[in-house]
Amino acid sequence: MDYPKTRRGEVVETLHGHEIADPYRWLEDPDSEETRAWVAAQNALTEAFLADVGSRSSFSELMRTIVLRPVVTPPMYRSGWYLLSRNDGSAPQNTWYVARSLDELAEGGRVLFDPSTWSEDGTSSLAGLSVAGDGSLAAYAVSAGGSDWQHVRIIDPSTSEPLDEPEVVSKFSSLRWLPGHRTFLYTHYGDARAEGTSTEALPHPVIKAHTVGTAVETDPVVLEFPDDPRRSLWPDTSSDGRWIAMAMNHGTDEKFAMWLSRTDGAKVGEPLRVIEEFAHYQEFVDVVDDVLYLVTDEDAPRGRLVALDLAAVEAGEPATWRTVVPETEHALSGAVLAGDVLVVHHLADASPVLTRYSLDGEDLGRLDVTGGSVLAMSGEAGRDELLVSMDSVTSPMQAFVVTPSTGDVRALSLVEETWRAPDLEITRHRATSADGTPVPYWLLKPAGLPDEPVPTLMYGYGGFNVAIGASFSSIDTGWLTAGGAVAIANLRGGGEFGTEWYEQGTRAAKQNVFDDFAALGRHLIATGITTSPQLAAYGASNGGLLIGALITQHPGLVAAAVPMVGVLDLLRFHRFTIGSAWISDYGDPDVAEDFEVALAYSPLHHIREGETYPATLVVTGDHDDRVVPAHSHKFTATLQRAQGGEAPILTRVETSTGHGAGKPRAVAAQEAADVLAFLAHHTGLVLRAH
């Protein structure tokens, strides 16, 4: 193809004894005129190519039907209010509603706010919402253009009237109200430039407290660790508001310390340093009668739920942990306290199982709910009600009301479905990775397909302890509706099977993830599900890295690939925005040993001149300040120059969007349509009537 000219610079660095050329480093500046011109030229080329793809208009129509249909988000209960968001399909963002009862909310409720009105182009979105303990105030966070930066505003839920308050600017923040109901905690990042196109590395986080009616400039610091700049701070509150739990880790590392502090009005007391060492996974559940409940993997790689008497610790007694729910054969994914019952979420072969336990650990029975993954569980101590929402490969959301004391379950009907997914055959399989490890995956096929190879789409993630379930995806649904098959992988590095499974896909063992995914592709071919010319793959973020590694390590395995907002330069990821947080999974490129590991698989650095690469569409957003678009830009430019085959190397750069959250629905629909049209064009998938 006649690609846009991309200037090659002369940047060469010696890193740990290696000469590393970086000719497209100038593309790291997203605001330069040269980068903007390059993006415009690349988008024009991609648009011209897609305009000639015959199925694009059909996929556009299909994805508008799927993505722009009426939707409702999982309902939640917060401090006397029930909340959810709705969209009839016509608005770029969902409108949020509030009511005092579920019945009132189901009948409509009252508008709390409408994010579609926050910007002219509909690209501003809700990034967080927290209600004060007495229900009198709510803090909500606004993201502009998909950025991770949050502009926090205050509203009165009883009137939907915003308060005339200065905005608090935050990022990666857990907004938590103190029991005086006028002060909330938030995360502050010093004088960092709070713009979506900023790429500068963030300074160390600081927990501050803002009191309504006071100047932001006077907000006091509650906790910071300037000598430990990578320490992340995650405040949470007990159901009764009497305790603040401060979970701490380093970046995205899954090893946590935990401090607990009593609260009084707008004050946070001296912390009980319950867990000092960063040695194990710890997840706060709640505090009841001064007893702390949390999930841990200490002495339990698949997780257990434990309890600690905080009052005894305050009195000077040694911390004595009590096991409430012991480790089982299934990975413990989380727990919530509702009423006086613990509802515990396990993963049985990566599928959710919810079980009730008493506070003493008595098994009270499973809940009669099923789905591909749990979207949310909303409950609190003292209230005999739990809201559970789940999805499946055919449905984006199903909500349930659970009575924890009895286990009774009632399905909520919150939206009239206007789209019916195709009937599917869903089966469970295992491929064998390079080291002999079985790699589980779901195979989804439209019912009634002939017993012959069909165009097949692989999806995977494999990182950061994220569990991948048989969940809803608009891209997968579009592909299945068109008549193709989909394989959803459970790769090492994920959280489906406990700590050991996760650690087998991190740092020096990261190559296992890529081997697992390649094994899936080979298994699909060997079992006659598909062929290499019919096989495609996509993934986003860490999954974008997965796709980049797949096509640079196994360029002949798939016919087409789409890495989306991917981490593709593993030698410089830690120098941008929040990138240093990912050292937990990728290692530290400034350390020689870690550098060698990263260099061995970094997709950008494994592109070979003259190699025949599959058709590739690199997708990113110009306001992605999590995985900055430079990763995608440099990968695209390098792959275009190196391509020795005839398959196109294209990029699609969406404007005023970020890493994915808050993307206007029509924009998301067209992006999905373009991805599907590109992949279908190169695998022979013909969109059948629907």
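At what angle do helix α5 (residues 474-482) and helix α12 (residues 665-683) pack? Let's look at the close-ups. This is a predicted model in which local features need pLDDT of at least 70, side-chain atom pairs count only at pLDDT 80 or more, and totals for chains, interfaces and linings use all residues. Residues are numbered from 1 along each chain as its sequence is written, and side-chain values use heavy atoms, with hydrogens and water left out.

**View 1. Helices α5 and α12 pack together.** Their angle is about 45°, with the axes 10 Å apart; axes are lines fitted to C-alpha atoms over the stretch in contact, and angles run from 0 to 180 degrees between N-to-C directions. The two helices (DSSP runs of H or I, at least four residues) are therefore oblique to each other, a word for angles that are not under 35 degrees (roughly parallel), over 145 (roughly antiparallel) or 65 to 115 (roughly perpendicular). The contact (heavy atoms within 4.5 Å) includes W479 of α5 and L676 of α12.

**View 2. The rings of F113 and W118 form a tilted pair.** Rings of Phe, Tyr and Trp (its six-membered ring) pair if their centres lie within 6.5 Å; planes under 30 degrees apart count as stacked, over 60 as edge-to-face and the rest as tilted. Here the centres are 5.5 Å apart and the planes at 45°. W118 and Y140 also pair, this time stacked, with 20° between the planes.

**View 3. Four residues join in a ring cluster.** Ring pairs link F464, F573, W582 and Y586.
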